[in-house]
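Thanks for coming. I will take a few minutes on how two chains meet, and then look at one residue.

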Amino acid sequence: MEFWIYFATKPLFWLVVTLSVFIVAVRLNRLMQGTPFLHPVLVSMLIIISFLLLTNTSYEVYFGGAQFIHFLLGPAIVALAVPLYDHFSRIAQMWLPLLIVCVTGALTAILSVLAIGYLFDLPDAVLLSLAPKSVTSPIAIGIAEKIGGLPSLAAGLVLITGAMGGVLAPFVFKLIKVDDDVVKGFSLGLAAHGMGTAYAFEFSALAGAFAGLAMGLTGLLTAFLLPLVVSLLGF
Amino acid sequence: MLNGFLALLLCQLLGEWVVLATSIPVPGPVVGMVMLLVLLMFNKRIPESVRSVSESLLRYLAFLYVPAGVGLMLHLEIISDYWLAILVSLFVSTFITLLVTAWIFKILIKKVKKSEAL
């Protein structure tokens with residue numbers, strides 16, 4: 001009997017908390033005219049972390065419930081094949097520019113964050129957790145583990161990057177006069193992974209498809225490139 | 001919708017197996033995404049069940065990141081020591097990455113269009 005009581009209360013409770021906090025955060029964001037500064041994901045993280053600290057609840061206990069949401073990230077990434085298939089002819093047509101942009105973009109993301117972090121004298125473990133910041137969390141977690149960063153720190157930094165991508169993108173696109181949804185989507189997916197992709201879908205389905213493509217490609221490339229770059233830089 | 005969900009999970013499972021067997025440094029779901037894409041190309045169209053479940057999952061993609069993000073609470077000490085340096089690094093680097101990516105892409109597209117026009 002005890003097993004069932006446990007099962008029915010704890011995981012379910014944290015599942016309900018996560019869902020309701022997120023719904024409130026989305027409402028709040030709409031109330032503020034969708035400002036990316038109050039990204040629903042960041043607001044939810046802040047509220048839930050404060051709540052857990054106030055109630056002295058450990059992350060393990062929280063994750064016991066929240067893992068059911070986290071689990072859906074896997075099939076959601078597989079699902080990106082659908083918008084990719086929809087726009088496959090356009091992607092196949094421009095595979096070479098896409099590949100060039102992806103390699104330069106991924107290297108820019110890695111090297112710029114390492115250089116700036118190095119200027120600030122950040123410890124190696126933090127630098128190595130910053131390095132995969134433009135890659136979707138499941139990949140970033142794997143990479144951070146491999147190169148000696150802190151996986152759960154890397155996952156959180158990835159999300160902050162994602163929200164920043166949404167804040168910066170409209171400004172950058174205006175600055176260099178980008179009006180092509182393909183370019184917008186691809187840049188967002190490359191620099192800001194899944195959150196950038198979610199943001200790109202608000203421009204158009206085409207932008208979303210290219211963002212998803214950029215996210216997948218950048219993830220793959222970074223998974224191969226980052227361990228190399230890190231050993232070349234002598235960490 | 002259930003068939004579609006099963007299709008996504010099967011692709012992910014196969015992807016995880018491939019990663020386990022070959023120890024390539026890529027997460028299983030990404031391999032699963034490539035597999036689904038290949039399957040769709042053989043099939044030449046997207047089954048309605050796959051489309052509906054995929055589109056609903058992608059609509060809530062941002063939400064799915066919340067549990068992992070709450071994991072930041074495990075590193076409050078590091079964050080309170082270095083929060084400004086971390087935020088500035090992320091902000092400047094994300095700005096540079098967006099700028100470089102969009103700019104190079106714009107130039108390349110212009111070149112491609114020019115060579116097509118010739």
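Predicted model: local features only at pLDDT ≥ 70, side-chain atom pairs only at ≥ 80, totals over all residues.

**Where chain B meets chain A**

Across the interface of chain B and chain A, twelve residue pairs are in polar contact, both partners at pLDDT 80 or more.

On chain B, the elements that give two or more residues to the side touching chain A are α1 (2-22), α2 (28-43), α3 (48-59), α4 (61-64), α5 (66-70) and α6 (76-117). The largest share comes from α6(B), with 29 residues. Sorted by class, that side of chain B has 53 nonpolar, eleven polar and four charged residues.

Now the charges. The count between the two chains, B and A, is one salt bridge. There the side chains of A:Asp86 and B:Arg51 meet, at 2.9 Å from N to O.

Next, the extent of the interface. In total, 68 residues of chain B are in contact with 96 residues of chain A. The area buried between chain B and chain A is about 7600 Å², and carbon and sulfur atoms give 86% of that. Of the area that chain B buries against chain A, 10% is supplied by B:Tyr65, B:Leu98 and B:Phe105, more than by any other three residues.

Last, the single residue. A:Thr108 sits in helix α7 of chain A, residues 95-119. Is A:Thr108 buried or exposed? A:Thr108 counts as buried, because its relative accessibility is 16% and the cut-off for buried is under 20%. Leaving aside neighbours within four places in sequence, A:Thr108 is in contact with B:Ile96, B:Thr97 and B:Val100.

That is what I have.

Definitions and conventions:
Residues numbered from 1 in each chain as written. Chains lettered and ligands numbered in written order. Heavy atoms only, no water. Contact = heavy atoms within 4.5 Å. Buried area = accessible area lost by both parts, 1.4 Å probe. Salt bridge = Lys/Arg side-chain N within 4 Å of Asp/Glu carboxyl O. Polar contact = N/O pair within 3.5 Å; in protein donor to acceptor, adjacent residues only side chain to side chain. Helix = DSSP H or I, 4+ residues; strand = E, 2+ residues; numbered from the N terminus. Nonpolar A, V, L, I, M, F, W, Y, C, P; charged D, E, K, R; others polar. Buried < 20%, exposed > 50% of the residue type's maximum accessible area, 1.4 Å probe, protein only.
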